[in-house]
Amino acid sequence: SQGYELSYSNGQVFSDIQLSQKSLLNVSGTTNSGAVQIQGRQVQFADGSLIFSSNPGNLAAGDIHIQASESIDIIGTTADGSIRSGIRNESLNAGTGSNITIVAPRLTLQQGAGINDNAFNNASGGSIQVNVTNVELSGSSVINPTGVTSLTTSVRGTGSAGDISVTGDRLVVSDGAALSTITFGSSPSGQVTIRNTETIVQGDNPAGLYSNISAITYGTGSAQTLTLDTARLQILNGGGVVTTSFVDGEAGDLNISATDSIQIRGRSQA
């Protein structure tokens, strides 16, 4: 009932892991969803390949931990654009969603790929923690430019969205990609906390969607605090670092601390 656990010695040298051609690693359950641990050298998800965790019960979901000694690349969608490569967690009842942890020297999300933690009904979403030296989120689906590359938590019920934490040296969000926490109802969004040396948010995509780091409310719930603690911040060519309310909820606080410089320059190309 507790599943399987495989161990390895300290100093183990890992090989490459690739999920491709719509591969599915599914740990959904009837009472709660299971846990995932993937550890390799170069880890890649492509062609709509997905880790999927659906938690319909009242117990907390198992955590998802992805670790690579060199790189993690999450790229693209299925050929019709209907399924994005990546990690998706859905909390459907009262059980808390999976906490997602990413550890690597480099993380790349491109062409509509996503790491998404979504909560519905009474559930609260899990957190996303990224401990990566260099992070790049860029672009959108080749088939559908509104399907932007994303790293998000969201809530559509009475729980709360999970927090997002990014710690490393460099974060680039470009060509319409989004790093955001969102509430669509009466509950609060999560908090976004970024601590690094350099953050760049730049440009938009062919659909006119701008690159952003954000905490957003589309309902009566409040957006929470967005904290950006960096040495150098660049917001270029229509990119945005924002906390926003589109309906009756309150926008969150925006705290930016840049020890070296802040550069805001350019405009959208749309």
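Let's begin with arginine 88, a predicted-model residue that counts as partly exposed, because its relative accessibility is 25%, between the 20% and 50% cut-offs. Keep in mind throughout that this is a predicted model.

**Stop 1: around arginine 88**

Now colour strand S6, residues 86-91, and strand S8, residues 114-119: they run parallel and are joined by 6 bridges.

**Stop 2**

Zoom out and pick up the rest of the strands. What you get is an open sheet of 8 strands with parallel pairing, in the order S2-S4-S6-S8-S10-S13-S16-S18. Where does the sheet end? Select 24-26 and 240-245: these are strand S2 and strand S18, the edge strands, and each pairs on one side only. Look along the sheet as well, where the twist averages 5 degrees from one strand to the next. As for what holds such an arrangement together, strands of a sheet pair through backbone hydrogen bonds, either parallel or antiparallel.

**Stop 2: the largest pocket**

The space inside the largest pocket comes to about 700 Å³. Which strand gives the most to that lining? Select S3, which supplies 4 residues. Strand S3 (36-46) and strand S5 (64-75) each contribute at least two residues. Colour the lining of the largest pocket by class and you'll find 9 nonpolar, 10 polar and 2 charged residues.

**Stop 3: the second largest pocket**

Move on to the second largest pocket, with a volume of about 520 Å³. To centre the view, select Val148, Ala178, Ser180, Ile182 and Tyr218, the closest to its centre among the 21 lining residues. The elements giving two or more residues to this lining are S8, strand S10 (150-155), strand S13 (178-183) and strand S16 (212-217). By class, the lining of the second largest pocket has 9 nonpolar, 11 polar and 1 charged residues.

**Stop 5**

Select glutamine 21, where phi is near 55 degrees, a positive value in a residue other than glycine. Glutamine 21 lies in the loop between strand S1 (17-19) and S2. Is glutamine 21 buried or exposed? Its relative accessible area is 67%, and the cut-off for exposed is over 50%, so glutamine 21 is exposed.

Then jump to aspartate 175, where phi is also positive and near 55 degrees. Aspartate 175 is found in the loop between strand S12 (170-174) and S13. With 42% relative accessibility, aspartate 175 counts as partly exposed.

**Stop 4: salt bridges**

How many salt bridges are there to look for? The count comes to 6. Select arginine 41 and aspartate 16 and you'll see one of them, with the closest N and O atoms 2.9 Å apart. This pair links distant parts of the chain: arginine 41 sits in strand S3 and aspartate 16 in the segment before S1, 25 residues apart. Arginine 41 is partly exposed at 34% relative accessible area, and aspartate 16 is partly exposed at 42%.

For the next one, select arginine 232 and glutamate 198: their salt bridge has its closest N and O atoms 3.9 Å apart. The pair also links distant parts of the chain, with arginine 232 in strand S17 (residues 226-236) and glutamate 198 in strand S15 (residues 198-202), 34 residues apart. Arginine 232 is partly exposed, with a relative accessible area of 30%. Glutamate 198 has 15% relative accessibility, and buried means under 20%, so glutamate 198 counts as buried.

Arg170, Glu198, Arg232 and Asp260 are linked in a network of salt bridges.

Technical notes: Residues numbered from 1 in each chain as written. Predicted model: local features only at pLDDT ≥ 70, side-chain atom pairs only at ≥ 80, totals over all residues. Heavy atoms only, no water. Pairing = 2+ DSSP bridges. Axes fitted to C-alpha atoms, helices over the stretch in contact; angles between N-to-C directions. 1 Å grid on protein atoms, 1.4 Å probe; cavity = no way out; pocket = protein on both sides within 12 Å on 5 of 7 lines; lining within 4 Å. Points joined across faces, edges and corners; volume = space filled by probe spheres on them. Nonpolar A, V, L, I, M, F, W, Y, C, P; charged D, E, K, R; others polar. Buried < 20%, exposed > 50% of the residue type's maximum accessible area, 1.4 Å probe, protein only. Salt bridge = Lys/Arg side-chain N within 4 Å of Asp/Glu carboxyl O.
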